[in-house]
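Please read them with the structure open.

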Amino acid sequence: MFIRDLIKSNYGRKNSYINNQTEFKRLDSCTHGGLYSTDNNQEIRIDFSSNINPLGISRKVLSTISQNIRNVSITYPDPKCRELRRRISKYLDYNILPECITVGNGATELIHQFVRSFPYRAFIPIPTFCEYELAVRRMGLKIDFVDPLENFQIDNDLMIEKLKKRNNNILFLCNPNNPTGRLTPVEIIKKIIKVAKDKSTLVLIDESFIEFVKNYERNSMISYVMEYDNLIILRSMTKSFGLAGLRLGYLVANPNLITKINLNQISWNVNGVAQIAGIEALNDQDHLVRAKKIIEKEKIRILKAVREKMKGLVAYNSDANFLLIKLKNKDSTWYKEELLKNHGILVRDCSSFRGMSNEFIRIAVKTRSENELLLTALENMEENINN
Ligand SMILES: Cc1ncc(COP(=O)(O)O)c(C=O)c1O
């Protein structure tokens with residue numbers, strides 16, 4: 001029996017989302033960058049489509065992993081990640097107790113766990129990270145997308161208007177936003193949280209990229225989790241500490257919300273290697289500081305080069321470790337394929353982001369030598385397009 005028929009016969013509820021072909025397509029449409037996003041991955045020399053720490057994993061973390069790999073591999077990990085939560089609590093340094101924290105197999109797992117714990121209708125400002133939509137759709141729930149202003153800035157006034165109209169919803173806010181890299185200021189977020197609170201709506205702020213922002217502590221909402229009991233903060237350690245393959249992320253919120261979210265946690269969801277790697281990564285924060293210095297310098301250099309030398313490209317300012325680029329003359333899917341084929345460089349084709357057309361690509365800010373290769377490749381593409 002074909003799998004869809006099987007699902008239908010087992011869960012054949014009337015109006016069930018899983019019976020609906022359009023829904024099947026939508027559940028399939030959340031795509032990501034990375035080495036495995038393309039079938040031609042032998043051609044990839046440098047991956048600019050994943051926005052992780054340009055220095056990768058820290059040497060200290062690698063050494064801790066290799067010293068402990070035997071014991072950690074043969075022992076069941078702590079299902080409550082106690083030591084890691086204590087270390088995160090110290091790292092956050094805002095009197096955030098370990099009971100305000102839950103850890104996941106990457107931030108992605110926690111997005112899905114959050115929606116399973118609070119299966120409410122959702123607000124999602126677009127364009128943004130597609131896992132929010134996927135998590136909500138998988139639960140068969142409705143979504144109210146909030147259209148952006150010009151240049152994909154989040155329309156906060158529209159969002160507030162929409163929030164006022166309904167009770168008991170969830171709102172996702174990615175800060176800084178993927179794929180634009182733009183921050184929403186704390187004062188605006190506070191206003192949004194207050195309006196949401198009046199309507200019993202929960203607000204999940206995804207701060208997966210915030211540690212790459214200059215003076216990020218001022219822009220993070222973590223210190224407000226005890227003040228607002230409808231606020232949940234999501235952080236990823238895969239990007240800031242270069243642990244994408246190990247998978248690690250955490251949620252921070254009022255302990256009552258965390259207790260409810262933990263009811264949906266799969267036992268031993270975070271493996272032992274990821275737990276020790278996370279602890280050591282937080283012990284070696286210099287690694288992130290060094291990466292941020294590189295990103296700060298390189299971002300300016302890439303923006304300048306693109307703006308001065310590449311007339312067919314428009315590079316937008318970004319608060320994060322990646323840049324959104326508009327292609328004036330070519331389609332983003334074609335552009336991505338050509339860059340890969342001719343230069344071995346993989347960028348993120350943004351046409352799969354809801355609300356974006358096929359005119360945009362996104363590039364990670366990496367080390368100087370890697371960025372040099374990217375700029376040379378972009379210049380070469382420009383020359384070929386114009387000739
Ligand atoms: C905004 C945002 N949040 C969360 C994630 C997922 O992070 P993780 O690797 O920790 O699952 C991503 C991955 O690209 C992302 O862009």
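1. A caution to begin with. This is a predicted model. Every volume and angle here should be read with that in mind.

2. Start with the largest pocket. It holds about 740 Å³ of space. Its lining is made of 34 residues. Closest to the centre are His32, Gly33, Ser50, Lys239 and Arg247.

3. Which elements give two or more residues to the lining of the largest pocket? They are helix H5 (107-117), strand E7 (231-236) and helix H9 (237-240). H5 supplies the largest share, at 3 residues.

4. Why does the largest pocket lie between domain 1 and domain 2? Domain 1 (32-56 + 287-381) gives residues to its lining, and so does domain 2 (59-283). The pocket therefore sits between the two.

5. Now the second largest pocket. About 530 Å³ of space lies in it. There are 24 lining residues. Nearest the centre are Glu211, Val213, Lys214, Asn215 and Lys292.

6. Helix H4 (82-92) and helix H12 (286-309) are the elements that each give two or more residues to the lining of the second largest pocket. H12 gives the most, with 9 residues.

7. By residue class, the lining of the second largest pocket splits into 11 nonpolar, 10 charged and 3 polar residues. Residues from both domain 1 and domain 2 take part in this lining, so the second largest pocket also lies between them.

8. How many cavities of 30 Å³ or more does a search of the whole structure find? The search finds 1. The largest cavity holds about 40 Å³ of space.

9. Last, a helix pair. Helix H3 (residues 59-74) and helix H11 (residues 272-283) have axes that come within 9 Å. These axes cross at roughly 150°. Angles over 145 degrees count as roughly antiparallel, so H3 and H11 are roughly antiparallel to each other. Their crossing is right-handed.

Terms used. Residues are numbered from 1 along each chain as its sequence is written. This is a predicted model: local features need pLDDT of at least 70, side-chain atom pairs count only at pLDDT 80 or more; totals for chains, interfaces and linings use all residues. Side-chain values use heavy atoms; hydrogens and water are left out. On a 1 Å grid over the protein atoms alone, a cavity is a set of points where a 1.4 Å probe fits but cannot get out, and a pocket is an open set with protein on both sides within 12 Å along at least five of seven lines; lining residues have an atom within 4 Å of a point. Grid points are joined across faces, edges and corners, and a volume is the space filled by probe spheres set on the points. Helices (H or I, at least four residues) and strands (E, at least two) are DSSP runs, numbered from the N terminus. Domain bounds come from an automatic or database domain assignment. Ala, Val, Leu, Ile, Met, Phe, Trp, Tyr, Cys and Pro count as nonpolar, Asp, Glu, Lys and Arg as charged, and the others, Gly among them, as polar. Axes are lines fitted to C-alpha atoms, for helices over the stretch in contact, and angles run from 0 to 180 degrees between N-to-C directions. Angles under 35 degrees count as roughly parallel, over 145 as roughly antiparallel, 65 to 115 as roughly perpendicular and the rest as oblique. A crossing is left-handed if the near helix is turned anticlockwise from the far one by less than a right angle, and right-handed if clockwise.
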